[in-house]
Amino acid sequence: MGKAPVWEGIWPAFMGTLCLMAVTMGLVLLPGIGCGIFLAEYATPLWKKRVNTAIDLLAGAPSIVMGLFGFTLILFLRRAFFPEANTCLFLAAGCLSLLVTPVLVVNTREALEAVPSSIKLAATSLGLSKNQIIFCLAVPMAVRGIVSGSILAMGRCAEDTAVIMLTGAVANAGLPSSLWAKFEALPFTIYYTMAHYQSQEELNLAFGAALLLLFLATAMVALAKLLEVGHKLFWQGERPSVLQ
Amino acid sequence: MDKVSVYFFGHQVLQEITAAFQRHNISVLIGRSGSGKTTLLRTINRLNEEFEGCETKGQVFLNTGQEHLAVYPKANRKGTGVLQPASLKLTSLRQRVGMLFQTPNIFPVSVYKNIALPLTLVSQAAKTEIQERVYQALQLVGLWAEVRDGLHKPAQRLSGGQQQRLCLARALALRPDILLLDEPTASLDVHASRYIEDLLTTLAEQYTIVMVSHSLTQARRVGHTIMICSQGRITHHLDRDEQLSTAELEALV
């Protein structure tokens, strides 16, 4: 006892990836979906044009550039304000959230734009206000698109390597201890081990990590399906007990 | 309705229309496509304003028996010096004026929620009262017997005629004074149309109904008054006693 390392293998990397996904989604969900709603329903043509251009630019930025941005940002912060600042989980999540924002915005916008205008007109004629129509009718109708956008964004968080290797992911950090600590992540483990393995065991570990990443993706698809079905039950009221 | 003109992107669609729709009557608007029937209908609940490039001049008054209300804000008739009655808030106007469209546009929710959702949003009624009003509305349009076992099933599963009646029930549940019908039977077969026509005749005892129709025979069957629209004006105004044959009507249109 005590001679073998407690956290060996890919468990810390798996947990790191989960934490990274959670923090990123926490940062990006509200602004991303909010921006999509704004673009689809509230924005004037001028603002639509401006914000859409910005989103397109962001969507076109390669992830390594986003990583470099984070890296430069931390250098700047160290020199200017916080000499203690260092690359960490929070920085990686912040940069990733920049990377996945366009996915979320575009999916939300398109799902809302697909809501038939005849239904909105009917709701208007019933005396519902614009906000009521958007939040009580259009958004629930667009949930499927919004959920699939979120799942896509989560998938991107799980698999992206370029951003995190410049902003806080390391080969050996143990379980993520805080938002301000370095962390391990599955894609970075795969990348690093594949490049530097010295034994058959290490190669197997990398393959194991890859397999786990695939399972994670499958689990997210299942989660999306589950959310969709649950929403349908609630929204369409197929389950009588909901309202009676 | 006083000197109402409507413009879309500067193009005049309605030309200073002045008309009166009798209470507890069915007024039917007929005319060729593009003669401004639908636009005329939508001036009453200000639905034209939901479309881009629309400008409305003139004023519409609503007489509910107890109140005399202006539909458009006062600024609409600047400088006329005429004392205007109080104008209505847009959302409360639309709650008083129910509307039915050419194609049934139910919400993709259950039958019950289709009626309960708007009702919950616009009125602060308690759950039990809402349930009461949903049931009443369904009975009023004769849907109750057909859907009572499937109240919480998706409304998309209903037939076209049933969906249109559900839309009618949805409008009626808000207890409007006026019903605007924009070719409500356009997408329905003969039987479903007849059913809706009979329903309207019954409803006319309680509601003021203004209806756009493409069918001259339908106009003759249900209309207490028939108005013929042409190029943004009402050219003829016929009461039910002036018995005209369909052919004569056709000639006027």
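In which sense do β1(B) and β2(B) pair, and over how many bridges? Let me start there: the two strands pair in the antiparallel sense, over 4 bridges, where pairing requires that DSSP finds at least two bridges between the strands, and where strands (E, at least two residues) and helices (H or I, at least four) are DSSP runs numbered from the N terminus.

Before I go on, please keep in mind that this is a predicted model, in which local features need pLDDT of at least 70, side-chain atom pairs count only at pLDDT 80 or more, and totals for chains, interfaces and linings use all residues. Residues are numbered from 1 along each chain as its sequence is written, chains are lettered from A and ligands numbered from 1 in the order in which they are written, and side-chain values use heavy atoms, with hydrogens and water left out.

Within this pair, B:F8 stands opposite B:H11 of β2(B), and the hairpin has 2 residues between the strands, with B:F9 taking a positive phi near 50 degrees.

On its other pairing, β1 (residues 2-8) joins β4(B) over 5 bridges, again antiparallel, and there B:V6 has B:T56 as its bridge partner. Together they form an open sheet of 3 strands in the order β2-β1-β4, whose edge strands, β2 (11-17) and β4 (54-59) of chain B, each pair on one side only.

Turning to another part of chain B, B:T225 lies in strand β10 (residues 225-230). This residue is buried, with a relative accessible area of 5%, buried meaning under 20% with a 1.4 Å probe and protein chains only.

How values were computed
Buried < 20%, exposed > 50% of the residue type's maximum accessible area, 1.4 Å probe, protein only.
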